[in-house]
Amino acid sequence: MFFEGVLPITLEQGLGYALVALGIALTFRVLAFPDLTVDGSFPLGGAVCARLIVEGVDPGLASACGMGAGFVAGCLTGVLNTKLKINSLLAGILMMTILYSVNLRIMGRSNIPLLTEPTIFTPMEQMSVDRAIPVIIFFLAVVAVVKLACDYFLHTEYGMALRATGDNEQMIRSLGVDTDKATILGLGISNALVALSGTLIAQDQGFADAGMGIGMIVAGLASIIIGEGLLKPKSVFRLTLAAVLGSVVYRLIIVLGLRMGLAPTDLKLATGLMVVLALGIPSLKRGKSSGKIHMRGV
Amino acid sequence: MPLEMLVLKDVSKVFNPCTQDEKVALNSLNLSVKDGDFVTIIGSNGAGKSTLLNCVAGTYRPDGGSVIIDGRDITKSPEHRRARYLARVFQDPTLGTAAAMTIEENLSLAELRGRKRGLGPGVTKKRRARYREVLKVLELGLEDRLRDRVGLLSGGQRQSLALLMTTLSLPRLLLLDEHTAALDPRTADKVMTLTDHVVEENRLTTLMVTHNMNQALKHGNRMIMLHQGQVRMDVSGEEKQKLTVREVVAKFGTTLKDETLLSAG
C-alpha cells in the first residue's frame with residue numbers, strides 16, 4: 001500500500017523537527033534576523049547529548065545539556081553580530097562552520113551510535129504497543145509545551161521588547177531596551193530550541209552524526225513558508241502554530257515524494273527548489289522583490 | 001530639583017573629521033533649558049538642529065562637551081540608558097511605533113520606557129483599562145481598536161499615538177524632532193494642538209525642532225535659532241510672543257535658507 005505507515009512517520013518526523021521550525025520562526029520572523037547558526041546548532045545538540053549518554057549521563061540531563069549548548073552557540077552568533085558588528089548572515093555562517101569542528105571534537109569521531117544506549121525513548125520502547133505511538137505522543141507534548149511557552153514569553157514585558165527589536169529597533173532602543181542584549185538572547189533561545197530538536201532526533205534515529213544538520217535551515221524555512229501559506233499568521237499564536245503545522249506538512253511532502261521514487265540524495269535539491277519557488281514566484285508575479293527571507297516582526 | 005532641566009556645555013560634534021567631507025554640526029554649543037520650558041528650535045538645513053536632539057537623546061555621542069539632564073551628566077550614557085529621562089517623537093511616523101504589534105502592545109512598550117522589563121504579561125487587564133481611557137483624548141476611536149495592529153493606522157494616527165505614548169510614563173524631557181513635518185497640514189495642526197495639550201497638562205520640559213517658523217513662533221515659550229552649530233538667536237516670554245515671521249526674516253534672512261522661508265509663508 002502506497003500510504004501505509006505514512007501518517008506515523010510524518011507525525012514522528014514533523015513533530016521531531018517542529019522545534020527547528022519554531023526556532024527559525026523566532027529569528028527570521030520575530031527578530032527579523034536571518035540566522036544560519038541552525039545548521040551547526042542542530043548537530044551540536046545531538047553531539048553533546050550523544051557523547052554524554054555514551055559517558056553514562058542520564059538521557060534527560062544529556063538532552064538538557066544539548067539544549068544549553070545550543071543556547072550558548074546562538075548567543076555567540078548574537079555577540080558576533082551586535083558587538084563585533086559582523087553582518088548577520090556572515091555571523092551565522094561563521095558560527096555554523098566553527099560548530100562543525102566543535103561537534104567533531106565533542107563526539108571524537110563523526111558518528112556516535114546510540115542503538116544500544118539508554119535514551120529518553122527507552123521506556124517507551126519497553127511498552128507493549130508499537131513504538132511510534134508513545135514517541136509521537138511524547139513529541140506532541142514537548143512541541144505543545146514549547147509552542148505555548150514561546151507564545152507566553154513573546155507576550156511578556158521582555159518578550160514584547162524582543163518582538164519590538166525585530167519590528168522597530170530604533171523605537172525600542174529609545175524606550176530603554178538594550179537591543180544588543182535582546183538580539184543575543186533571542187538568538188540563544190532560538191538555537192536552544194533547534195539544539196533540543198537535535199537531541200531528540202539523534203535519540204529517536206539512534207545516532208548522532210556530524211552531518212545531521214546540513215540543510216536544516218532550508219528545511220525549516222520550507223516548513224515555515226508552508227505553514228504561513230496555510231495559516232496566514234498575523235499573531236504570535238498563529239505564527240508558532242504555522243511553524244509546527246508547516247513542519248508536519250513539509251515532512252508529509254517529503255515522505256510522499258520518497259514513496260513516489262524521489263531519490264533520498266535529491267531531497268535537498270527538492271527542498272531548495274521548493275523554497276526558491278515559494279520565495280520567487282511572488283516576485284515574478286508582482287514584478288518586485290517581495291520574496292524576502294525575513295520579514296519585520298510579528 | 002535644579003532649576004535647569006537640560007544643560008549643554010560646549011557640545012561639539014564633527015562628522016567625517018579630517019576628511020574632505022568634514023562637517024562641523026555642533027560648534028561648542030551652549031544651551032540651558034529651565035524646568036517647564038517649551039523650546040522651539042529653528043534653523044536652516046545643516047544648522048545642527050537634528051544633531052542637537054541626537055546628542056541629547058544619545059543617538060550620537062558628542063565629540064566634546066557635556067550633556068546634563070536634571071543635574072545628571074549623561075554624556076557617556078548609551079541611548080537605552082537615557083530612556084528613563086527622555087521621550088522622543090520622530091519625524092517619520094513609522095519610527096515611533098512598532099507596526100506589526102497591536103495598539104495596546106505599543107502602549108505597554110512605551111509605559112515601561114526606561115524601566116526593567118520582566119516576565120509578567122506585557123498587557124494586563126489593568127493596563128488595558130488605562131489605555132482605553134488615555135486613548136479617548138485623541139478622539140480617533142482608537143480606544144475601541146486596542147488589538148488592531150498599528151500598521152493599519154494612518155500616518156497622523158500613528159504620530160498622535162506616538163505622542164500619547166510619551167506621556168504614559170512621564171519623561172523629564174520631551175524631544176520632538178520635526179514630528180509634524182511628514183503630515184498633511186490639517187493633520188499637522190491637529191497633532192500640534194495635541195502637543196500643546198500634552199505638554200501643558202503634564203508641564204513637560206520640551207525641545208521641538210521644526211522647519212516651520214510660524215509653528216516655532218506660535219508654540220512654546222522660548223525659541224532658539226541655530227546657525228553653523230551654535231545658538232544664534234534666543235528669545236523667550238513676551239519678546240517671543242510679539243515676534244513675527246517678518247521680523248525674524250528681516251533680521252536673519254541671509255542665514256536662513258529658502259525652505260525655511262517658504263514654509264514660513
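Angles under 35 degrees count as roughly parallel, over 145 as roughly antiparallel, 65 to 115 as roughly perpendicular and the rest as oblique. With that in hand, take helix α1 (residues 6-16) of chain A and helix α7 (residues 132-153) of chain A: they pack at an angle of about 30°, and α1(A) and α7(A) are therefore roughly parallel to each other.

This is a predicted model, where local features need pLDDT of at least 70, side-chain atom pairs count only at pLDDT 80 or more, and totals for chains, interfaces and linings use all residues; side-chain values use heavy atoms, with hydrogens and water left out. Residues are numbered from 1 along each chain as its sequence is written, while chains are lettered from A and ligands numbered from 1 in the order in which they are written.

**Helix packing in chain A**

- Two packed helices are described by the angle between their axes and the distance between the axes.
- For α1(A) and α7(A), the axes are 9 Å apart; axes here are lines fitted to C-alpha atoms, for helices over the stretch in contact, and angles run from 0 to 180 degrees between N-to-C directions.
- The α1(A) and α7(A) crossing is left-handed (the near helix is turned anticlockwise from the far one by less than a right angle; clockwise would be right-handed).
- Helices (H or I, at least four residues) and strands (E, at least two) are DSSP runs, numbered from the N terminus.

**A nonpolar patch**

- A:Leu90, A:Ile93, A:Leu94, A:Ile98 and A:Val102 make a nonpolar surface patch of about 370 Å².
- Patches are made of residues with over 30% relative accessible area and no salt bridge, with like charges joined within 9 Å and nonpolar side chains (Val, Leu, Ile, Met, Phe, Trp, Tyr) within 5 Å.
- Accessible areas come from the Shrake-Rupley method with a 1.4 Å probe, and for residues only the protein chains shown count as cover.
- One of the patch residues, A:Leu90, sits in helix α5 (residues 88-107) of chain A.
- A:Leu90 is partly exposed, at a relative accessible area of 43%; buried means under 20% relative accessible area, exposed over 50%, and partly exposed in between (1.4 Å probe, protein chains only).

**Salt bridges**

- Over all chains, the structure holds 22 salt bridges (a side-chain nitrogen of Lys or Arg within 4 Å of a carboxyl oxygen of Asp or Glu).
- One of them pairs B:Arg127 with A:Glu157 at 2.9 Å, N to O. B:Arg127 lies in helix α4 (residues 125-135) of chain B and A:Glu157 in helix α8 (residues 157-167) of chain A, so the pair joins two chains. Both B:Arg127 and A:Glu157 are buried.
- Inside chain B, B:Glu104 forms a salt bridge with B:Arg147, with the closest N and O atoms 3.9 Å apart. This pair links distant parts of the chain, 43 residues apart: B:Glu104 is in helix α3 (residues 103-111) of chain B, and B:Arg147 is in the loop between α4 and α5 (155-165) of chain B. B:Glu104 is buried at 6% relative accessibility, whereas B:Arg147 is exposed at 58%.
- B:Asp234 and B:Arg222 also meet through their side chains in a salt bridge (2.8 Å, N to O). Here the partners are 12 residues apart, with B:Asp234 in strand β10 (residues 230-236) and B:Arg222 in strand β9 (residues 222-227), both of chain B. B:Asp234 counts as partly exposed at 39% relative accessibility, and B:Arg222 is buried at 10%.
- Back in chain A, salt bridges link A:Glu12, A:Glu125, A:Arg131 and A:Asp204 in a network.

- Most residues other than glycine have a negative phi, and most peptide bonds are trans.
- B:Asp70 has a positive phi, near 50°. B:Asp70 sits in the loop between β4 (64-69) and β5 (72-73) of chain B, and is buried, with a relative accessible area of 12%.
- B:Glu139 has a positive phi too, near 55°. B:Glu139 is in the loop between α4 and α5 of chain B, and is exposed at 70% relative accessible area.

**Sequence versus space in chain A**

- A:Lys147 belongs to helix α7 of chain A and is buried at 7% relative accessibility. A:Lys147 and A:Gly45 are 102 residues apart in sequence and 19 Å apart in space, C-alpha to C-alpha.
- A:Phe33, in the loop between α2 (18-30) and α3 (38-54) of chain A, is buried at 6%. From A:Phe33 to A:Phe138 is 105 residues along the chain, and their C-alpha atoms are separated by 31 Å.
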